[in-house]
Amino acid sequence: MTSRLQAAFSAERASLVAYVMGGYPTREGSLAALHALADAGADVIELGIPYSDPLADGPVIREAADEARAAAGEAGFGLAETIDLAREFAEQRAAMPTGSPTPPFVLMGYLNPLMRMGLPKAAAAMREADVAGVIVPDLPPDMAGPWLAASAGIDTVFLAAPTSTPERLAKVGTMSGGFVYCVSSLGVTGERAELPPELADLVARVKASTELPVAVGFGVSTAAQAAAVAAVADGVVVGSAIVRRQRDADELRAFVAELAESVRSAR
């Protein structure tokens, strides 16, 4: 059965997965950014959950998370607030005229907040908010049993890295839902001047391990880089370059539209 996330990918062209940080620079600002992504042609929206120890994230996303948490005051802005933001966005898009694009959501966060809320409670809240999937970088497939048991109906996207062994790629490929997230290079998220020369070989290895679409992230920051990735992968994930423009919805909308056009015309 094809999930909503998987259906957002096409055999005819690559898809754009666009990341924004929840609550940054304010709750209202991040809500406006979500609408900008949908209007500009993002195929999937990845919504970051502000967290104090984001081990996979580079400086742009770390600083956005810190500002989101600080802007919310003592109550903070974390998992519950991000799920509520997703719920409100889904409700607003549902109330818009027929034909308004509403990409599926993937929440990107870490295991600790999920465990603090309680896995069944977190999964239930996500289902109620119409969240289609989650990415949890510090949750390897070997330890995901309790979460997978609690999260029926929600795709869990696991990460494949350049250092992943064939055995790990096979496990990631069979246990992922929606798509497989291929990390382009070692290190944290962030804009990079060049893509790794061995990227096409890495994508080929990951695609050989799964029947799901394979989306590449980490380091993709320009329309030209997005087009280059789209030529070899099923999806392109852009994070830091989008978050850097998240304060200005008009600038953000124009940038994401440029990315979407580049991704769709790459083949």
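The model is predicted: local features need pLDDT of at least 70, side-chain atom pairs count only at pLDDT 80 or more, and totals for chains, interfaces and linings use all residues. Residues are numbered from 1 along each chain as its sequence is written, and side-chain values use heavy atoms, without hydrogens and water.

Four aromatic pairs were found in a search of the whole structure. Rings of Phe, Tyr and Trp (its six-membered ring) pair if their centres lie within 6.5 Å; planes under 30 degrees apart count as stacked, over 60 as edge-to-face and the rest as tilted. Y51 and Y110 are stacked, at 5.4 Å centre to centre and 25° between the planes. Y51 lies in the loop between strand 2 (44–48) and helix 3 (59–71), and Y110 in the loop between strand 3 (105–108) and helix 5 (111–117), so the pair ties together parts 59 residues apart in sequence. Both Y51 and Y110 are buried.

The ring centres of F89 and F105 are 5.4 Å apart with planes at 90°, so this pair is edge-to-face. F89 belongs to helix 4 (residues 79–94) and F105 to strand 3, 16 residues apart.

The chain has twelve helices and nine strands. These are DSSP runs, numbered from the N terminus: helices are H or I, at least four residues, and strands are E, at least two. Of its 267 residues, 55% count as buried. Its C-alpha atoms fill a box of roughly 45 × 40 × 40 Å, taken along the principal axes.

Technical notes. Buried < 20%, exposed > 50% of the residue type's maximum accessible area, 1.4 Å probe, protein only.
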